[in-house]
Amino acid sequence: MKKIKLSSERSSMLHGVLLIALFACASFYIGEAEIFTRLSISPMIIGIVVGMIYANSLRNNLPDTWVPGIQFCSKKILRLGIILYGFRLTFTDVMNVGTAGILIDCIVVSVTILGGVFIGRLLKLDRDTALLTSIGSGICGAAAVLGAESTIGTKPYKTAVSVATVVIFGTIAMFLYPMAYRSGILALTPQEMGIYAGSTLHEVAHAVGAGNAMGGDTANVAVITKMIRVMLLIPVLLILGWWVATKSVSGHAVSRKVPIPWFAFGFLAVIGINSFLPHPSAWIDAINTFDTFLLTMAMAALGAETSIDKFKKAGAKPFILAFILFLWLVTGGYIMAKFLAPVLM
(Lines give C-alpha, C1' and ligand atoms only; values in the text may rest on other atoms or scores of the structure.)
Protein backbone atom coordinates (compact mmCIF):
# COMPACT_ATOMS: atom_id res chain seq x y z
CA MET A 1 0.00 0.00 0.00
CA LYS A 2 2.86 2.35 0.91
CA LYS A 3 4.58 1.62 -2.42
CA ILE A 4 1.37 2.33 -4.31
CA LYS A 5 0.95 5.66 -2.50
CA LEU A 6 4.57 6.60 -3.19
CA SER A 7 4.17 5.70 -6.84
CA SER A 8 1.03 7.81 -7.05
CA GLU A 9 2.81 10.79 -5.48
CA ARG A 10 5.70 10.50 -7.94
CA SER A 11 3.27 10.25 -10.82
CA SER A 12 1.45 13.39 -9.70
CA MET A 13 4.77 15.19 -9.25
CA LEU A 14 5.82 14.14 -12.75
CA HIS A 15 2.61 15.63 -14.11
CA GLY A 16 3.55 18.98 -12.59
CA VAL A 17 7.09 18.81 -14.01
CA LEU A 18 5.80 17.89 -17.47
CA LEU A 19 3.33 20.77 -17.35
CA ILE A 20 6.14 23.23 -16.62
CA ALA A 21 8.30 21.62 -19.32
CA LEU A 22 5.43 22.22 -21.75
CA PHE A 23 5.35 25.87 -20.70
CA ALA A 24 9.10 26.09 -21.31
CA CYS A 25 8.71 24.59 -24.79
CA ALA A 26 5.99 27.11 -25.56
CA SER A 27 8.24 29.91 -24.31
CA PHE A 28 11.06 28.82 -26.61
CA TYR A 29 8.66 28.66 -29.55
CA ILE A 30 7.23 32.11 -28.80
CA GLY A 31 10.75 33.47 -28.27
CA GLU A 32 11.65 32.60 -31.87
CA ALA A 33 9.21 35.21 -33.16
CA GLU A 34 11.03 38.05 -34.91
CA ILE A 35 9.80 40.74 -32.53
CA PHE A 36 11.30 38.92 -29.53
CA THR A 37 14.60 38.02 -31.21
CA ARG A 38 15.10 41.64 -32.26
CA LEU A 39 14.50 42.79 -28.69
CA SER A 40 16.77 40.02 -27.32
CA ILE A 41 13.99 38.92 -24.97
CA SER A 42 15.01 35.65 -23.35
CA PRO A 43 12.68 32.62 -23.18
CA MET A 44 13.13 32.92 -19.39
CA ILE A 45 11.21 36.18 -19.41
CA ILE A 46 8.51 34.73 -21.65
CA GLY A 47 8.37 31.72 -19.35
CA ILE A 48 7.37 33.68 -16.27
CA VAL A 49 4.66 35.45 -18.28
CA VAL A 50 3.30 32.11 -19.53
CA GLY A 51 3.34 30.77 -15.97
CA MET A 52 1.48 33.81 -14.68
CA ILE A 53 -1.16 33.48 -17.39
CA TYR A 54 -1.70 29.91 -16.23
CA ALA A 55 -1.82 30.98 -12.56
CA ASN A 56 -4.56 33.49 -13.29
CA SER A 57 -6.66 31.30 -15.58
CA LEU A 58 -6.44 27.49 -15.44
CA ARG A 59 -4.67 26.94 -12.13
CA ASN A 60 -7.83 26.28 -10.13
CA ASN A 61 -8.96 23.63 -12.63
CA LEU A 62 -5.92 21.37 -12.22
CA PRO A 63 -5.24 18.90 -9.35
CA ASP A 64 -3.43 20.18 -6.26
CA THR A 65 -1.31 17.02 -6.41
CA TRP A 66 0.57 18.61 -9.32
CA VAL A 67 1.84 21.43 -7.09
CA PRO A 68 4.90 19.49 -5.75
CA GLY A 69 6.10 19.04 -9.34
CA ILE A 70 5.78 22.78 -9.97
CA GLN A 71 7.68 23.53 -6.76
CA PHE A 72 10.37 21.00 -7.73
CA CYS A 73 10.97 23.04 -10.89
CA SER A 74 11.22 26.31 -8.98
CA LYS A 75 13.76 24.84 -6.50
CA LYS A 76 15.82 21.86 -7.69
CA ILE A 77 15.78 22.48 -11.41
CA LEU A 78 16.56 26.13 -10.75
CA ARG A 79 19.76 25.24 -8.89
CA LEU A 80 20.90 22.91 -11.65
CA GLY A 81 20.27 25.70 -14.15
CA ILE A 82 22.42 28.13 -12.16
CA ILE A 83 25.27 25.61 -11.98
CA LEU A 84 25.24 25.04 -15.74
CA TYR A 85 25.17 28.81 -16.26
CA GLY A 86 28.92 28.66 -15.54
CA PHE A 87 29.56 27.27 -19.02
CA ARG A 88 28.97 30.79 -20.35
CA LEU A 89 32.08 32.07 -18.53
CA THR A 90 35.86 31.55 -18.39
CA PHE A 91 38.39 33.04 -16.01
CA THR A 92 40.09 34.60 -19.02
CA ASP A 93 36.97 36.74 -19.54
CA VAL A 94 37.65 38.38 -16.20
CA MET A 95 41.23 39.27 -17.11
CA ASN A 96 40.34 40.67 -20.52
CA VAL A 97 38.12 43.42 -19.18
CA GLY A 98 40.76 44.68 -16.76
CA THR A 99 40.74 46.36 -13.38
CA ALA A 100 38.26 49.04 -14.45
CA GLY A 101 35.41 46.65 -15.19
CA ILE A 102 36.03 44.54 -12.09
CA LEU A 103 36.17 47.49 -9.68
CA ILE A 104 33.14 49.26 -11.17
CA ASP A 105 31.18 46.00 -11.07
CA CYS A 106 32.03 45.57 -7.38
CA ILE A 107 30.95 49.13 -6.60
CA VAL A 108 27.71 48.77 -8.55
CA VAL A 109 26.80 45.46 -6.89
CA SER A 110 27.66 46.63 -3.35
CA VAL A 111 25.94 50.02 -3.53
CA THR A 112 22.86 48.67 -5.31
CA ILE A 113 22.24 45.86 -2.83
CA LEU A 114 23.03 47.77 0.36
CA GLY A 115 21.34 50.95 -0.87
CA GLY A 116 18.30 49.02 -2.06
CA VAL A 117 17.83 47.31 1.30
CA PHE A 118 18.15 50.69 3.07
CA ILE A 119 15.67 52.40 0.72
CA GLY A 120 13.34 49.43 1.13
CA ARG A 121 13.28 50.07 4.87
CA LEU A 122 12.49 53.74 4.29
CA LEU A 123 9.62 52.69 2.03
CA LYS A 124 8.52 50.15 4.67
CA LEU A 125 8.74 47.49 2.00
CA ASP A 126 8.74 43.78 2.81
CA ARG A 127 12.34 42.80 3.59
CA ASP A 128 12.53 39.80 1.26
CA THR A 129 11.06 41.70 -1.68
CA ALA A 130 13.47 44.61 -1.13
CA LEU A 131 16.42 42.25 -0.91
CA LEU A 132 15.46 40.26 -4.01
CA THR A 133 14.78 43.41 -6.03
CA SER A 134 18.12 44.91 -4.99
CA ILE A 135 20.07 41.75 -5.80
CA GLY A 136 18.32 41.41 -9.16
CA SER A 137 19.10 45.02 -10.05
CA GLY A 138 22.67 44.80 -8.80
CA ILE A 139 23.86 41.50 -10.28
CA CYS A 140 22.16 39.74 -13.17
CA GLY A 141 18.42 40.24 -13.12
CA ALA A 142 16.17 37.20 -12.99
CA ALA A 143 18.98 34.66 -12.51
CA ALA A 144 20.27 36.52 -9.42
CA VAL A 145 16.75 36.82 -8.00
CA LEU A 146 16.26 33.09 -8.47
CA GLY A 147 19.58 32.31 -6.80
CA ALA A 148 18.82 34.56 -3.83
CA GLU A 149 15.32 33.10 -3.57
CA SER A 150 16.84 29.63 -3.19
CA THR A 151 19.07 30.88 -0.38
CA ILE A 152 16.55 32.81 1.72
CA GLY A 153 13.53 30.61 0.93
CA THR A 154 10.90 33.28 0.42
CA LYS A 155 7.42 33.03 -1.07
CA PRO A 156 7.17 32.55 -4.87
CA TYR A 157 5.05 35.65 -5.50
CA LYS A 158 7.72 37.87 -3.92
CA THR A 159 10.27 36.39 -6.31
CA ALA A 160 8.00 36.95 -9.29
CA VAL A 161 7.35 40.58 -8.27
CA SER A 162 11.10 41.19 -7.97
CA VAL A 163 11.76 39.57 -11.35
CA ALA A 164 9.05 41.72 -12.92
CA THR A 165 10.65 44.93 -11.65
CA VAL A 166 14.15 44.17 -12.95
CA VAL A 167 12.79 42.97 -16.28
CA ILE A 168 10.75 46.15 -16.81
CA PHE A 169 13.53 48.61 -16.02
CA GLY A 170 16.23 46.49 -17.62
CA THR A 171 14.28 46.42 -20.87
CA ILE A 172 13.84 50.19 -20.76
CA ALA A 173 17.59 50.63 -20.30
CA MET A 174 18.32 48.20 -23.13
CA PHE A 175 16.55 50.57 -25.55
CA LEU A 176 17.74 53.75 -23.85
CA TYR A 177 21.49 53.08 -23.91
CA PRO A 178 21.98 52.54 -27.68
CA MET A 179 19.82 55.57 -28.54
CA ALA A 180 21.70 57.82 -26.10
CA TYR A 181 25.08 56.51 -27.29
CA ARG A 182 24.36 56.95 -30.99
CA SER A 183 22.94 60.44 -30.46
CA GLY A 184 26.08 61.54 -28.62
CA ILE A 185 24.34 62.14 -25.30
CA LEU A 186 26.66 59.59 -23.73
CA ALA A 187 30.14 60.92 -24.49
CA LEU A 188 31.99 57.65 -23.93
CA THR A 189 34.58 55.66 -25.87
CA PRO A 190 33.50 52.20 -27.12
CA GLN A 191 35.29 50.49 -24.22
CA GLU A 192 33.88 52.92 -21.64
CA MET A 193 30.40 52.42 -23.08
CA GLY A 194 30.86 48.66 -22.89
CA ILE A 195 31.83 48.88 -19.22
CA TYR A 196 28.89 51.21 -18.57
CA ALA A 197 26.38 48.90 -20.24
CA GLY A 198 27.78 45.69 -18.74
CA SER A 199 27.99 47.07 -15.21
CA THR A 200 24.48 48.57 -15.11
CA LEU A 201 22.10 46.63 -17.37
CA HIS A 202 19.99 44.14 -15.44
CA GLU A 203 19.84 40.94 -17.51
CA VAL A 204 22.57 39.20 -19.51
CA ALA A 205 20.15 39.36 -22.43
CA HIS A 206 19.86 43.13 -21.95
CA ALA A 207 23.64 43.53 -22.10
CA VAL A 208 23.83 41.37 -25.20
CA GLY A 209 20.99 43.21 -26.90
CA ALA A 210 22.26 46.70 -26.12
CA GLY A 211 25.85 45.74 -26.92
CA ASN A 212 24.94 44.34 -30.31
CA ALA A 213 22.98 47.49 -31.09
CA MET A 214 26.10 49.59 -30.38
CA GLY A 215 28.55 47.40 -32.28
CA GLY A 216 31.79 45.36 -32.12
CA ASP A 217 34.16 46.44 -29.34
CA THR A 218 31.37 47.85 -27.21
CA ALA A 219 29.41 44.60 -27.43
CA ASN A 220 32.38 42.43 -26.39
CA VAL A 221 33.31 44.59 -23.40
CA ALA A 222 29.64 44.87 -22.34
CA VAL A 223 29.16 41.10 -22.29
CA ILE A 224 32.43 40.41 -20.44
CA THR A 225 31.73 43.12 -17.84
CA LYS A 226 28.24 41.73 -17.40
CA MET A 227 29.57 38.22 -16.90
CA ILE A 228 31.90 39.44 -14.16
CA ARG A 229 28.81 40.73 -12.35
CA VAL A 230 27.30 37.27 -12.78
CA MET A 231 30.35 35.78 -11.05
CA LEU A 232 29.78 38.12 -8.10
CA LEU A 233 26.62 36.12 -7.44
CA ILE A 234 28.76 33.57 -5.57
CA PRO A 235 30.11 35.81 -2.76
CA VAL A 236 26.75 37.56 -2.51
CA LEU A 237 24.95 34.24 -1.97
CA LEU A 238 27.53 33.16 0.63
CA ILE A 239 27.12 36.41 2.55
CA LEU A 240 23.35 36.14 2.21
CA GLY A 241 23.40 32.59 3.57
CA TRP A 242 25.44 33.69 6.58
CA TRP A 243 23.09 36.63 7.17
CA VAL A 244 20.02 34.42 7.06
CA ALA A 245 21.58 32.06 9.59
CA THR A 246 22.61 34.77 12.06
CA LYS A 247 19.80 37.33 11.78
CA SER A 248 18.30 38.39 15.07
CA VAL A 249 15.03 37.15 16.48
CA SER A 250 13.27 39.38 19.02
CA GLY A 251 16.40 41.51 19.21
CA HIS A 252 18.74 38.59 20.07
CA ALA A 253 21.26 36.99 17.74
CA VAL A 254 20.46 33.38 17.12
CA SER A 255 23.04 30.85 15.98
CA ARG A 256 21.77 28.74 13.12
CA LYS A 257 23.23 26.43 10.53
CA VAL A 258 24.40 28.51 7.59
CA PRO A 259 22.44 27.46 4.46
CA ILE A 260 25.47 27.08 2.18
CA PRO A 261 24.41 27.56 -1.47
CA TRP A 262 26.32 24.54 -2.80
CA PHE A 263 25.03 25.25 -6.26
CA ALA A 264 27.14 28.43 -6.17
CA PHE A 265 30.28 26.33 -5.73
CA GLY A 266 29.06 24.12 -8.54
CA PHE A 267 28.71 27.25 -10.64
CA LEU A 268 32.32 28.19 -9.87
CA ALA A 269 33.55 24.65 -10.61
CA VAL A 270 31.82 24.69 -13.99
CA ILE A 271 33.54 27.99 -14.84
CA GLY A 272 36.85 26.25 -14.08
CA ILE A 273 35.94 23.31 -16.32
CA ASN A 274 34.98 25.69 -19.08
CA SER A 275 38.25 27.59 -18.62
CA PHE A 276 40.80 24.78 -18.49
CA LEU A 277 39.42 21.60 -20.02
CA PRO A 278 39.21 21.28 -23.83
CA HIS A 279 35.75 20.66 -25.23
CA PRO A 280 33.99 21.10 -28.59
CA SER A 281 32.16 24.41 -28.95
CA ALA A 282 29.13 22.49 -30.18
CA TRP A 283 28.90 20.86 -26.75
CA ILE A 284 28.93 24.20 -25.01
CA ASP A 285 26.23 25.55 -27.33
CA ALA A 286 24.08 22.51 -26.56
CA ILE A 287 24.67 22.84 -22.81
CA ASN A 288 23.82 26.56 -22.86
CA THR A 289 20.60 25.87 -24.77
CA PHE A 290 19.67 23.13 -22.29
CA ASP A 291 20.54 25.44 -19.40
CA THR A 292 18.33 28.19 -20.78
CA PHE A 293 15.54 25.61 -21.01
CA LEU A 294 16.00 24.63 -17.35
CA LEU A 295 15.99 28.26 -16.21
CA THR A 296 12.91 28.87 -18.35
CA MET A 297 11.20 25.99 -16.53
CA ALA A 298 12.13 27.57 -13.19
CA MET A 299 10.77 30.93 -14.29
CA ALA A 300 7.55 29.37 -15.56
CA ALA A 301 7.14 27.52 -12.26
CA LEU A 302 7.55 30.76 -10.32
CA GLY A 303 5.03 32.45 -12.58
CA ALA A 304 2.63 29.56 -11.99
CA GLU A 305 2.71 30.39 -8.27
CA THR A 306 1.91 34.06 -8.85
CA SER A 307 -1.57 35.49 -9.19
CA ILE A 308 -2.70 39.06 -9.85
CA ASP A 309 -4.07 39.16 -6.31
CA LYS A 310 -0.56 38.64 -4.95
CA PHE A 311 0.78 41.47 -7.12
CA LYS A 312 -1.93 43.72 -5.68
CA LYS A 313 -0.87 42.61 -2.24
CA ALA A 314 2.72 43.63 -3.00
CA GLY A 315 1.57 47.12 -4.02
CA ALA A 316 3.55 49.81 -5.83
CA LYS A 317 6.49 49.93 -3.42
CA PRO A 318 8.63 47.24 -5.17
CA PHE A 319 8.36 49.17 -8.42
CA ILE A 320 9.23 52.44 -6.70
CA LEU A 321 12.33 50.81 -5.25
CA ALA A 322 13.29 49.33 -8.63
CA PHE A 323 12.85 52.75 -10.27
CA ILE A 324 15.13 54.42 -7.72
CA LEU A 325 17.76 51.73 -8.29
CA PHE A 326 17.34 52.18 -12.05
CA LEU A 327 18.11 55.91 -11.70
CA TRP A 328 21.21 55.07 -9.63
CA LEU A 329 22.45 52.57 -12.20
CA VAL A 330 21.95 54.97 -15.11
CA THR A 331 23.55 58.01 -13.47
CA GLY A 332 26.06 56.44 -11.10
CA GLY A 333 27.22 53.95 -13.72
CA TYR A 334 27.78 56.71 -16.26
CA ILE A 335 29.84 58.81 -13.83
CA MET A 336 32.08 55.82 -13.02
CA ALA A 337 32.48 54.82 -16.69
CA LYS A 338 33.27 58.42 -17.67
CA PHE A 339 35.68 59.39 -14.89
CA LEU A 340 36.84 56.25 -13.04
CA ALA A 341 37.30 53.81 -15.92
CA PRO A 342 39.87 55.93 -17.85
CA VAL A 343 42.03 56.20 -14.72
CA LEU A 344 42.04 52.43 -14.21
CA MET A 345 42.48 51.35 -17.82
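Me: Before we start, what do buried, exposed and partly exposed mean here?
Reply: They go by relative accessible area, worked out with a 1.4 Å probe and counting protein chains only. Over 50% is exposed, and in between is partly exposed. Buried means under 20%.

Me: Okay, and what kind of model is this?
Reply: Residues are numbered from 1 along each chain as its sequence is written, and side-chain values use heavy atoms, with hydrogens and water left out. Local features need pLDDT of at least 70, side-chain atom pairs count only at pLDDT 80 or more, and totals for chains, interfaces and linings use all residues, since this is a predicted model.

Me: How many salt bridges does the structure hold?
Reply: A salt bridge is a side-chain nitrogen of Lys or Arg within 4 Å of a carboxyl oxygen of Asp or Glu. One of them joins arginine 127 and aspartate 128, with the closest N and O atoms 3.2 Å apart. The count for the structure is three.

Me: Lysine 158 meets aspartate 126 in a salt bridge; is lysine 158 buried or exposed?
Reply: The N to O distance in this pair is 3.1 Å. The pair links distant parts of the chain, 32 residues apart, with lysine 158 in helix H8 and aspartate 126 in the loop between H5 and H6. (Helices are DSSP runs of H or I, at least four residues, and strands are runs of E, at least two, numbered from the N terminus.) Aspartate 126 is partly exposed at 32%, but lysine 158, at 10% relative accessible area, is buried.

Me: Which residues does threonine 129 contact, leaving aside neighbours within four places in sequence?
Reply: Threonine 129 sits in helix H6, residues 127-138, and is buried because its relative accessible area is 5%. Contact means heavy atoms within 4.5 Å. By that rule, its partners are Lys158, Val161, Ser162 and Pro318.

Me: How far apart in sequence are the parts tied together by aspartate 291 and arginine 88?
Reply: Their side chains meet in a salt bridge at 3.1 Å, N to O. Aspartate 291 lies in helix H14 and arginine 88 in the loop between helix H4 and helix H5, so the tied parts are apart by 203 residues.

Me: Which residues have the most contacts inside the largest nonpolar core?
Reply: A nonpolar core is a set of buried Ala, Val, Leu, Ile, Met, Phe, Trp, Tyr and Cys residues joined through side-chain atoms within 4.5 Å. The largest one has 57 residues. Those with the most contacts inside it are Ile135, Ile139 and Val230.
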